[in-house]
Amino acid sequence: MIQLFHVSKYYDRRPALSNINLQIEKGEFVLLVGPSGAGKTTLLKLLFCAEHPDDGQILVQNRNVARLRPSDVPYLRRTMGIVFQDFRLLPKKNVFENVALPLMVQGASAFETRRKVTEALKAVGIEHRKESRPALLSAGEQQRVCIARAIVNGPIILLADEPTGNMDPDLAGEIMELFKMIHARGTTVMVATHNRQVVEQVGRRVVMLNEGKLVSDKGAGQ
Ligand SMILES: Nc1ncnc2c1ncn2[C@@H]1O[C@H](COP(=O)(O)OP(=O)(O)OP(=O)(O)O)[C@@H](O)[C@H]1O
Ligand SMILES: [Mg+2]
């Protein structure tokens with residue numbers, strides 16, 4: 001599903017990732033942990049082609065993502081959902097429109113868009129706010145909208161970068177329950193987090209980075 005072979009990434013000659021080898025199978029739930037600056041965000045960016053490796057190979061669903069032509073990147077991203085800590089919702093669009101965006105870009109029909117958006121909003125429990133603008137929602141509600149937007153296309157892989165950053169423990173717990181539900185439906189999930197509670201709650205494979213190196217990988221194959 002996801003394979004990294006001897007992957008390195010440098011910023012200004014400083015390694016953000018050094019010689020990373022990692023295989024993730026279809027249907028796994030992987031937590032990516034490690035201190036600030038360890039390289040978690042960089043690793044996720046490489047997977048969705050927001051950055052390119054300086055060394056090594058990355059295969060996502062058997063495609064070499066470093067060699068993708070720019071015109072092929074949107075096709076790769078259609079198979080992925082991405083959730084960011086800072087939400088990145090469009091402030092002038094309502095919840096429904098924000099979640100519909102990935103479908104609109106692909107030219108889905110109005111009927112199909114309505115069906116898929118409604119299903120995604122229901123799955124994350126935010127359908128009752130579909131006409132609200134993001135600014136009127138709480139942080140937890142906004143993150144639910146982001147998760148709905150990430151799953152509206154039925155992605156094979158869901159990537160999330162600190163999805164519970166700045167949330168209190170109860171709220172972080174609720175958000176992680178959504179990731180568990182999405183995983184249980186068959187999606188491969190990878191979540192970067194600082195949050196120890198999240199690690200305990202999910203209790204799956206934990207890949208730890210430190211200073212750009214993969215320093216431990218526990219619980220694989222669960
Ligand atoms: N665009 C960039 N330009 C220069 N250096 C960068 C850039 N992005 C990341 N870095 C550096 O790469 C290293 C890894 O950063 P990264 O953001 O991947 O860490 P992280 O594990 O996600 O940290 P955090 O937990 O704080 O989010 C850090 O030393 C960071 O300063
Ligand atoms: Mg980060």
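Modeller: The questions below take the domains, the helices, the ligand and some loop residues in turn. This is a predicted model, in which local features need pLDDT of at least 70, side-chain atom pairs count only at pLDDT 80 or more, and totals for chains, interfaces and linings use all residues. Residues are numbered from 1 along each chain as its sequence is written, while chains are lettered from A and ligands numbered from 1 in the order in which they are written.

Colleague: What are the domains of the protein chain?

Modeller: Domain 1 is 1-79 + 155-222 and domain 2 is 89-154; such bounds come from an automatic or database domain assignment. Their centres, taken over C-alpha atoms, are 23 Å apart.

Colleague: How many residues of domain 1 are in contact with domain 2?

Modeller: Eleven residues of domain 1 are in contact with ten of domain 2. Contact means that two C-beta atoms, placed from the backbone, lie within 7 Å. Helix 6 (residues 169-184) supplies the largest share of the side of domain 1 that touches domain 2, with five residues. By class, that side has eight nonpolar, one polar and two charged residues. Here Ala, Val, Leu, Ile, Met, Phe, Trp, Tyr, Cys and Pro count as nonpolar, Asp, Glu, Lys and Arg as charged, and the others, Gly among them, as polar.

Colleague: What makes helix 5 mostly covered?

Modeller: Ten of the 13 residues of helix 5 are buried. A residue is buried if 20 or more other C-beta atoms lie within 10 Å of its own, exposed if 12 or fewer, and partly exposed in between. The cover over the buried residues of helix 5 includes strand 6 (80-83), helix 3, helix 4, strand 7 (157-161) and helix 6.

Colleague: Which residues of helix 4 are buried?

Modeller: In helix 4, T113, K116, V117, A120 and L121 are buried. They lie on the same side of helix 4 because they cover an arc of only 130° around the axis, the arc being that of the directions from the helix axis to the C-beta atoms. These buried residues pack against helix 3 (95-105) and helix 5 (139-151).

Colleague: Which residues surround ligand 1?

Modeller: Those around ligand 1 are Y11, A16, G34, S36, G37, A38, G39, K40, T41, T42 and H194. The test is a C-beta atom, placed from the backbone, within 6 Å. Helix 1 (residues 40-47) gives the most to this shell, three residues. The shell around ligand 1 divides into three nonpolar, seven polar and one charged residues.

Colleague: Why is R13 called exposed?

Modeller: R13 has 6 other C-beta atoms within 10 Å, so R13 is exposed. R13 sits in the loop between strand 1 (2-11) and strand 2 (14-24). Its phi is positive, about 70°, although R13 is not a glycine.

Colleague: What makes Q61 partly exposed?

Modeller: Q61 has 15 other C-beta atoms within 10 Å and therefore counts as partly exposed. Q61 lies in the loop between strand 4 (55-60) and strand 5.

Conventions:
Helices (H or I, at least four residues) and strands (E, at least two) are DSSP runs, numbered from the N terminus.
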